[in-house]
Amino acid sequence: MNIAATVIPDRDDAVAALDTLRAWARKASTAEIETLDPSLARLLQSAESYPQFSRDYPSDFAVGDNYKATLPDLQNGPSSLIRGAKQQIQHVGISNFRLPMRFHTREGSDLTLETSVTGSVSLEADKKGINMSRIMRSFYKHADEVFSFEVMEAALDDYKSDLESYDARIQMRFSFPVQIDSLRSGLSGYQYYDIALELVEAAGARKKIIHLDYVYSSTCPCSLELSEHARATRGQLATPHSQRSVARISVEVNCEESCLWFEDLIDAARRAVPTETQVMVKREDEQAFAELNAANPIFVEDAARLFCEQLQAEPRVRDFRVVASHQESLHSHDAISVLTQGDTFAAQSIDPRLFSTLFHVG
């Protein structure tokens with residue numbers, strides 16, 4: 001039996017074959033090349049034909065309208081580009097872009113404060129995405145104005161229109177300084193209050209919301225009674241335990257009433273629980289604070305109800321929520337309470353990290 005020997009091409013044969021392919025490719029279409037073998041497109045590319053790109057930044061390049069019209073915009077592409085379920089998204093936007101904003105005080109002066117802004121809109125099920133920078137651009141149009149909820153509404157109207165969305169929301173966070181007098185020494189210092197403002201539009205209805213973190217000392221009534229019992233029955237010196245505590249008070253503003261100043265909400269919190277932590281303290285102030293705590297021992301349940309009592313008496317407040325956390329010095333855990341009134345803040349579920357955000361870092 002005769003078996004023809006297999007001829008193995010050498011390098012010269014491969015070079016000749018590649019030259020033949022390139023000669024054919026110069027006259028063939030891209031479709032013809034890919035039909036023959038898709039991998040040929042890379043194989044037939046010569047170093048001479050590979051495009052040479054500039055590595056210098058074109059600082060003098062000017063972008064005209066015609067050029068901008070050619071730029072791809074994937075987020076505004078057709079619904080066929082949607083990945084995952086074609087489902088409405090309730091919040092799409094940006095968080096924590098910062099800018100200086102001016103705020104009026106109750107006394108009539110202005111403060112410029114670094115403000116963190118979160119803005120979002122709803123995204124309909126048939127839309128791929130949004131151009132998030134439009135939220136920032138809309139807000140910057142109003143950044144030089146003194147804050148009011150009307151300014152927030154104007155910014156929200158702008159980006160809601162730009163992004164063609166039904167629902168939208170803005171949140172602004174900042175630290176608001178208030179000068180506080182000491183209890184007895186006549187000194188004063190600045191207390192800083194973490195405040196957040198929200199404007200929410202959903203299903204055509206708008207709500208204006210203020211969040212305030214109020215920091216206070218809570219002396220345990222049980223511990224106080226046990227300490228006094230030890231003194232009275234055994235002559236044993238004992239001290240009740242107390243701890244730094246935080247209440248996050250969230251209120252929906254009643255726009256039919258007069259302005260609810262930040263200071264008004266702070267005053268209401270202080271009337272409810274007067275043992276606010278102190279700024280400037282001498283010995284007479286420290287003694288006064290011990291007496292003030294002894295006059296106002298408080299469980300976390302008491303705190304929630306005392307704040308509630310003040311908010312119920314305030315006509316400028318509609319729905320509200322009180323979240324209180326007593327960061328125990330006796331226990332290795334915290335004592336917490338949540339009290340809500342109205343539908344705005346009602347919820348069956350609690351953010352797993354809610355209470356960890358109530359720690360106040362001095």
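Student: Why is Asp264 called buried?

Tutor: Buried means under 20% relative accessible area, exposed means over 50%, and partly exposed lies in between (1.4 Å probe, protein chains only). Asp264 has a relative accessible area of 12%, so Asp264 is buried. Before we go on, note that this is a predicted model, where local features need pLDDT of at least 70, side-chain atom pairs count only at pLDDT 80 or more, and totals for chains, interfaces and linings use all residues. Residues are numbered from 1 along each chain as its sequence is written, and side-chain values use heavy atoms, with hydrogens and water left out.

Student: What makes the pair Arg106 and Asp264 a salt bridge?

Tutor: A salt bridge needs a side-chain nitrogen of Lys or Arg within 4 Å of a carboxyl oxygen of Asp or Glu. For the side chains of Arg106 and Asp264, the N to O value is 2.7 Å, and they meet in a salt bridge. Arg106 lies in the loop between strand S1 (89-104) and strand S2 (110-123), and Asp264 in helix H8 (residues 262-272), so the pair ties together parts that are 158 residues apart in sequence. Helices (H or I, at least four residues) and strands (E, at least two) are DSSP runs, numbered from the N terminus.

Student: Is Arg106 buried or partly exposed?

Tutor: Its relative accessible area is 33%, so Arg106 is partly exposed.

Student: What joins the side chains of Arg316 and Asp264?

Tutor: A polar contact of 2.8 Å. The rule asks for a pair of N or O atoms within 3.5 Å; within protein, one must be able to donate a hydrogen and the other to accept it, and residues adjacent in sequence count only if both atoms are side-chain atoms. Arg316 sits in the loop between helix H10 (300-312) and strand S7 (317-326).

Student: Why is Arg316 called buried?

Tutor: Arg316 has a relative accessible area of 15%, so the buried label applies. Arg316 also has contacts, meaning heavy atoms within 4.5 Å. Not counting residues up to four places away in sequence, Arg316 touches several residues, including Glu252, Trp261 and Asp264.

Student: How many salt bridges does the structure hold?

Tutor: The structure holds 18. One of them joins the side chains of Arg231 and Glu228 at 3.5 Å, N to O. Both residues lie in helix H7 (residues 221-234), three residues apart, about one turn of the helix.

Student: Why are Arg231 and Glu228 called partly exposed?

Tutor: Arg231 is at 38% relative accessibility, so Arg231 counts as partly exposed. Glu228 is at 40%, so Glu228 gets that label too.

Student: What makes Glu256 and Arg318 a salt bridge?

Tutor: Their closest N and O atoms are 3.4 Å apart. The pair links distant parts of the chain, 62 residues apart: Glu256 is in the loop between strand S6 (242-253) and H8, and Arg318 is in strand S7. Glu256 is at 67% relative accessibility, so Glu256 counts as exposed. Arg318 is at 34%, so Arg318 counts as partly exposed.

Student: Which residues do salt bridges with shared partners join into one network?

Tutor: Arg106, Glu107, Asp264, Asp267, Arg270, Glu276, Glu314 and Arg316.

Student: How many aromatic pairs are there?

Tutor: The count comes to 11. Rings of Phe, Tyr and Trp (its six-membered ring) pair if their centres lie within 6.5 Å; planes under 30 degrees apart count as stacked, over 60 as edge-to-face and the rest as tilted. The rings of Phe147 and Phe149 have centres 5.7 Å apart and planes at 65°, so that pair is edge-to-face. Phe147 is at 11% relative accessibility, so Phe147 counts as buried. Phe149 is buried as well, with 12% relative accessible area.

Student: Why is the pair Phe176 and Phe262 called edge-to-face?

Tutor: Their ring centres are 5.2 Å apart and their planes at 80°, so the pair is edge-to-face. Phe176 lies in strand S3 (residues 168-181) and Phe262 in helix H8, so the pair ties together parts that are 86 residues apart in sequence. Phe176 has a relative accessible area of 0%, so Phe176 is buried. Phe262, with 9%, is buried too.

Student: Which residues form the aromatic cluster?

Tutor: Phe103, Phe147, Phe149, Phe174, Phe176 and Phe262 form one aromatic cluster.
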